[in-house]
Amino acid sequence: MKFIKTIVISATMIFSFAAFAHSGLVKSSPAKNEMLQGSPQVLALTFSSPVRLVKLTLKDGGGNDIKFGFKPKMQSSNQFSLDLPQLTPSSYSVSWMIMGEDAHKMKGQFNFMVHKAMAKATEHDHASHSHD
């Protein structure tokens, strides 16, 4: 009985360590659920450890793919940055798939929104009222 208990405890520790060893997304720009006043210039992803970014898609609120030149990466890194085209006001969904150094694949998804940029006050607008 003691032998079986030792095996179960050891297996639990090994599998729980393996579960914590997998990399995950720790930061993105735009951030998850961020609401932007204008199109972002870059999509940046930071993972907890070096990974290979094997798939990355960006879709608008209508489910249309936004092309931005992503190609799967053969080299591992924990940071990726890709230039984005001008995004129109809409909600966007980013889906990613990574492969860790242990060949384990993980995937995730997050959303952000782009609102119409607020117009800057013009000289005419400023001149049409007084500051007493």
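F47 counts as buried, at 2% relative accessibility. Buried here means under 20% relative accessible area, exposed means over 50%, and partly exposed lies in between, with a 1.4 Å probe and protein chains only. This is a predicted model, in which local features need pLDDT of at least 70, side-chain atom pairs count only at pLDDT 80 or more, and totals for chains, interfaces and linings use all residues. Residues are numbered from 1 along each chain as its sequence is written, and side-chain values use heavy atoms, with hydrogens and water left out.

**The aromatic cluster**

F47, F80 and W96 form one aromatic cluster. Rings of Phe, Tyr and Trp (its six-membered ring) pair if their centres lie within 6.5 Å; planes under 30 degrees apart count as stacked, over 60 as edge-to-face and the rest as tilted. By this rule the count comes to 3 aromatic pairs. Two of them share F47 and are set out here.

| Pair | Centre distance | Plane angle | Class |
|---|---|---|---|
| F47 and F80 | 6.1 Å | 75° | edge-to-face |
| F47 and W96 | 5.1 Å | 75° | edge-to-face |

Where do F47 and F80 lie? F47 is in strand β3 (residues 42-60) and F80 is in strand β4 (residues 77-83), so this pair ties together parts that are 33 residues apart in sequence. Strands are DSSP runs of E with at least two residues, and helices are runs of H or I with at least four; both are numbered from the N terminus. F80 is buried too, with a relative accessible area of 8%.

The other pair joins strand β3, through F47, to strand β5, through W96. It therefore ties together parts that are 49 residues apart in sequence. Both F47 and W96 are buried.

**The loops**

Most residues other than glycine have a negative phi, and most peptide bonds are trans. The residues below depart from this pattern.

What kind of peptide bond joins S29 and P30? The bond is cis, with omega about 5°. P30 sits in the loop between β1 (25-29) and β2 (35-37).

N33 lies in the loop between β1 and β2. Its phi is positive, about 65°, although N33 is not a glycine. Is N33 buried or exposed? N33 is exposed, at 52% relative accessible area.

A103 belongs to the loop between β5 (90-100) and β6 (105-115). A103 has a positive phi of about 70°, and is not a glycine. A103 is exposed, with a relative accessible area of 52%.
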